[in-house]
Amino acid sequence: MSQDEWARMRKDNHKEVERRRRGNINEGINELGRIVPNGTGEKAKGAILSRAVQYIHHLKENEARNIEKWTLEKLLMDQAMGDLQSQLEDVKNMYQREKQARERAEAELAILKGVQERMGSAGGEERRRAREDEDMDVEGDRDGKRQRVE
């Protein structure tokens, strides 16, 4: 192979490599033109790249705002969860106190029912005696004399 042929082949290879490189660049720019919103369909590579840069800046600003917003929301949510957990503990404690108070009241009620039943049987005897005494008074009053009748 002569020197001229080798130079020509080398030049042709370089042209082919450069053509592929430009094709890849153009393909990438065209893809950016399709992806980036607000595209007017223009084919100017500089305008497409400029819009892509503006859009990337816009996305970064939105990301920063969203991170701030999400961070604030997370803090508020954590605070609300803490408040709810505190309220839950308060309700649990109140429930326990109410349960203990109910158990004490039921125990007292059982004691009072027991006392009442005992007094009821003893009270029944006293009421019977009182009725007998009244009956005796009534019989004694009929004669005008108070006599005890058995």
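**View A. Nonpolar surface patch formed by Met1, Trp6 and Met9 in the predicted model**. Met1, Trp6 and Met9 together make a nonpolar surface patch of about 370 Å², where patches are made of residues with over 30% relative accessible area and no salt bridge, like charges being joined within 9 Å and nonpolar side chains (Val, Leu, Ile, Met, Phe, Trp, Tyr) within 5 Å. Accessible areas come from the Shrake-Rupley method with a 1.4 Å probe, and for residues only the protein chains shown count as cover. Met1 is found in the segment before α1 (3-35), helices being DSSP runs of H or I with at least four residues, numbered from the N terminus. With a relative accessible area of 68%, Met1 is exposed (buried means under 20%, exposed over 50%, and partly exposed in between). The structure is a predicted model, in which local features need pLDDT of at least 70 and side-chain atom pairs count only at pLDDT 80 or more, while totals for chains, interfaces and linings use all residues. Residues are numbered from 1 along each chain as its sequence is written, and side-chain values use heavy atoms, with hydrogens and water left out.

**View B. Salt-bridge network of Glu16, Arg19 and Arg20**. A salt bridge is a side-chain nitrogen of Lys or Arg within 4 Å of a carboxyl oxygen of Asp or Glu, and a search of the whole structure finds seven of them. Glu16 forms one with Arg19, the closest N and O atoms lying 3.3 Å apart, and another with Arg20, for which the corresponding N and O separation is 3.7 Å. Glu16 and Arg19 are three residues apart in helix α1 and are therefore separated by about one helical turn, whereas Glu16 and Arg20, which also both lie in α1, are four residues apart, again about one turn of the helix. Glu16 counts as partly exposed at 34% relative accessibility, and Arg19 is likewise partly exposed, with a relative accessible area of 46%.

**View C. Salt bridge between Arg102 and Glu106 in helix α2**. Side chains of opposite charge can pair when their charged atoms come close. In this view the side chains of Arg102 and Glu106 meet in a salt bridge, with an N to O distance of 3.4 Å. Both residues, Arg102 and Glu106, lie in helix α2 (residues 45-142), four residues apart, about one turn of the helix. Arg102 is partly exposed, with a relative accessible area of 46%, and Glu106 also counts as partly exposed, at 45% relative accessibility.

Definitions and conventions: Helix = DSSP H or I, 4+ residues; strand = E, 2+ residues; numbered from the N terminus. Buried < 20%, exposed > 50% of the residue type's maximum accessible area, 1.4 Å probe, protein only.
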